[in-house]
Amino acid sequence: MDVLRKAKSALVAIETALERARPLVTCHGTDATTTVIPGANALLTLDEDGARRAAAAIDERRAAGVSPRPLDGLPVLVKDNLMTAGLRSTCASAMLADFVPPYDATSVARLRAAGAVILGKTNLDEFGMGSTNEHSAFGAVRHPIDPARVPGGSSGGAAAAVALGAGWAAIASDTGGSIRQPAAYCSLVGLKPTYGRVSRFGLAALASSLDCVGWIVHSAQDSALLFNALAGYDPHDATSSREPVESAVAVLARGAGGLRIGLTEDAAALAADCPVAARALARASAVWEALGAHVIPVAMPHADAAVATYYILNACEASANMARYDGLRYGAGGDAVDAARGTGLGMEVKRRVLMGAFALSAGYYDAYYDKAMRVRALVAEDYVHAFDGVDLLCSPVAAGVAPRLGGYAADPLAMYLSDRFTVPASLAGLPALAFPAGEVEGLPVGLQLTGPRWSEPLLHRAAHAFAAAHDALPSEISGGRP
Amino acid sequence: MTVCRWLPTIGLEIHVELDTRTKMFCACPRAALTATPNRATCPVCLGLPGALPVVNAEAVRLAVRGALALGATITPAGWFARKNYFYPDLVKGYQISQGTEPLGSGGSVVLPDGARVPLRRVHLEEDTARLLATGSAERIGVDCNRSGAPLLEVVTEPAVHSAAVAEAYARTVRALLVHLCVTRGRIEHGELRVEANVSVAPAGATELGVRVEIKNQAGFAHMRAAVEFEIARQIAVLEAGGAVCQETRGWNPARGLSGETFVQRTKEDAHDYRYFPEPDLPAFRLPAAWLREERARVDGPDGTPALFVARMEQAGVRTETREAVFAHDAAGFVRQLESALSELPSASRMESPLAAAANGFARFVIPALNAAGQDMADSSLTADALVAVLAWLTDGRVAPDGARCMVARLATDGGDPETVGREIKAFLVADDSTVIDTAVEATLAEHADWVAEWRAGKIALRHALLGTVMKRLGHGHDARRVALALDQFLSR
């Protein structure tokens, strides 16, 4: 948002963002008697005093002529599964409703070091488990355009808040699409970096081998700024990489001419069950070609197994990662440890813990976990072969526009299957960037670019070129809302 | 005889705390059991949401040394696994351990009598927190100082058939690992913990009997007593036609060596720990240089206690001294002393530096440890300090008695030997005949009754008189000269 970015005073930018943020805090507009506003429940905690103090310090630095830092004075929101020292971090779970961590996540510490101001914490599906942001102990988040719909998940609060200008950006986590899918539903840019590119230290783990810290912003340009500030090795995260970080900002304006863009989905075949995605993809292909890129179809033979593989691994790792919330250390506590666990954790969390514990148990390990790990390697191999012939892949993020609230209530499997376009890159640990690609009756549709490991600069460069060309087109994609 | 009809089988698990500076997966220091609870903690070892483990390379290296010393085959490409179970002292709900490919596989331990105990595996893992009584029946404390401490777990095959061999095995493992500085091995500090699995089957049977696990064995003698008791108990149950239950039994050390094991926990089934590879820690490959260096260290001239004792023998150290040194110097102090002594300019005039080190240790350090009730690992004495004292002894600046007092003081309080020596007046006074004579005269005058009794034939009183004179003089006087002066005065 220009006002937030261009404000002369950090304090002015912060006050503007706070004003937009206040109505989005949980408990505003959620009960039946009040009108449910767009983006309701997007925020769980606002740190007004802390933000003002930080902004005032930045204004003092400016007045004193200290050279500016890359994110000086920009108001940033933080998904509530990332730890913020002294500021409640709930993971949207009743279990952690009062949990105030004593330390900052590395990504949060790097934000502060780059001059960003932490404004507050965004809602999510509990511990990141969900694709609609309805699985929050603090209530469902409403879509920023149509409050009868979900904003996507699990980073639904982050997407809704940024879409409504309550922050310049939100940092969040993407395990199987949790950044990309809500970004696509809310007409935003969302980056899931390469696994190991941005430190996970301080991110409450869902599935440790899949979790990535990334962000939701308005443009590839903003995303590139954050990439330069947050990417890089962290001695506190053994899975973070020492691979040197190339600047995404420096290459942004180099255009998409000559790039080979692979299409993993055949638009005609896709049209049957995902007409919206198919139309967006067809139009995007024309844009890529107009930009001088070459569009090439690419086969991904193991894509069909990705959702099953992903959900086995996710549940297995989650079952262990949730074990510390056993009712002894966190939650209501007291005499009834079982009760603390029973009420402290939501339905979707319990479902995954049960599935994961089952899949890891003696006699089933080989059939589930071990087999899933082997299929995971095959999915990753598909990408290696694909990148022999193309530079980047362009694919849908979701089948259609943001679904209505309660759409998956009776059918969790349908919710899992809705992740089919986003989980393959997660399994392969590859960077993927979601970007706006049109609207259907005013509701946004997004696509994503996936690249080889460490190719984030190229992803930003291509998305930046696409946006410039795409913005010149009418936003509506013909065909009507499904 | 029951002994012939039944064959007991024992498997042992020894947990050894590695002597690192910091914990297994974070930068917190390893804390003593007596430290204020929960002070040596951080988000990682408290298992807070979002915290991640990072492997302590020093711990891996010590574990490699330990595994090599135990003859295990090293797996150079290793990985950690999550062992999932719930217990109040397990902060993450899982323990980071090793799975189907441990750091070391197989191996064996040769006991002093030549018997060999085969090992199943040697692996690295993190310790749990500790439960503390709070004085209230309704509340129990959890001390996370120990949470995440680095452990080496050494597991035998179920191949030991007597409590005596079990005890000899545990003592040998401790001696070996302490000798190589893998651990300090102090049982009273929880740095070495032994668990025994005991079963009894009819002699000649091909299958083992039902297994009972015994916990809380405070020390080797207790472990042996508990295993002996358990073997007898199981035989009695079987002889009476009963069946042994698969369970965990405790042992209360407060009841002494004649105590009983008691039921702690009955298990219906073996636990399903749902092991899977730890996703927070990438698989690792041990540096070839480490393996080479640690192999050289273990196979080197002093690699094992047995090799070290043999080298002392060659250097001409007497049998009693060798045994005393081995019993007291588990931490390699004598080897440090040897290398420090061999760097002295006077080294060429010395008996072999190893013999000088061993003799100096036996003569001065062991009495000091005994007097203070200390273990070498608790002592503040450094090799350099002892070298200084031994050098002064050779130069005649201190008498043996003064040296003994200095070492005693250095062992308990540490400090600079020169300062300590001056404080306790240990340095010999150059020309002291008048001083000695005055002291002798004064003492004899003061204890005229003792002198009279001595003259009447109570000859032991000479020693008491000598001690009193020495006390009056301080340590700066050679006891032999004082004795001479005393005898002269007495014979007058």
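**View 1. Strand β4 of chain A pairs with strand β6 of chain A.** In this predicted model, strand β6 (residues 212-217) of chain A and β4(A) run antiparallel and are joined by 5 bridges. Within this pairing, A:Asp174 stands opposite A:Cys212 of β6(A). β4(A) also pairs with strand β2 (residues 75-79) of chain A, here in the parallel sense and over 3 bridges. A:Val76 is found opposite A:Ala169 of β4(A).

**View 2. Strand β4 of chain A is mostly covered.**

**View 3. Helices α10 and α12 of chain A pack against each other.** Two packed helices are described by the angle between their axes and the distance between the axes. For α10 (residues 306-321) and α12 (residues 347-360) of chain A, the angle is about 100° and the axes lie 7 Å apart. Angles of 65 to 115 degrees count as roughly perpendicular, and α10(A) and α12(A) are therefore roughly perpendicular to each other. From α10(A), the residues A:Tyr311, A:Asn314, A:Ala315, A:Cys316 and A:Ser319 take part in the contact. They meet A:Arg352, A:Val353, A:Met355, A:Gly356, A:Ala357, A:Ala359 and A:Leu360 of α12(A). By class, this contact of α10(A) with α12(A) comprises 8 nonpolar, 3 polar and 1 charged residues.

**View 4. Helix α10 of chain A packs on a sheet of chain B.** The sheet is open and has 3 strands in the order β5-β4-β16 (chain B), with antiparallel pairing. Its edge strands are β5 (94-97) and β16 (276-277) of chain B, each pairing on one side only. Strand β4 (residues 81-84) of chain B is linked to β16(B) by 2 bridges in the antiparallel sense. B:Arg82 has B:Phe276 as its bridge partner in β16(B). α10(A) touches β4, β5 and β16 of chain B, and the direction of this helix makes about 60° with that of β4(B).

**View 5. Helices α6 and α7 of chain B pack against each other.** Helix α6 (residues 305-314) and helix α7 (residues 319-328) of chain B meet at an angle of about 150°, with 10 Å between their axes. This angle makes α6(B) roughly antiparallel to α7(B). Their crossing is right-handed. B:Pro305, B:Phe308, B:Val309, B:Met312 and B:Glu313 of α6(B) meet B:Arg322, B:Val325 and B:Phe326 of α7(B). By class, the contact of α6(B) with α7(B) has 6 nonpolar and 2 charged residues, and no polar ones.

Definitions and conventions
Residues numbered from 1 in each chain as written. Chains lettered and ligands numbered in written order. Predicted model: local features only at pLDDT ≥ 70, side-chain atom pairs only at ≥ 80, totals over all residues. Heavy atoms only, no water. Axes fitted to C-alpha atoms, helices over the stretch in contact; angles between N-to-C directions. Helix = DSSP H or I, 4+ residues; strand = E, 2+ residues; numbered from the N terminus. Parallel < 35°, antiparallel > 145°, perpendicular 65-115°, else oblique. Contact = heavy atoms within 4.5 Å. Nonpolar A, V, L, I, M, F, W, Y, C, P; charged D, E, K, R; others polar. Left-handed = near helix turned anticlockwise from the far one by under 90°. Buried < 20%, exposed > 50% of the residue type's maximum accessible area, 1.4 Å probe, protein only. Pairing = 2+ DSSP bridges.
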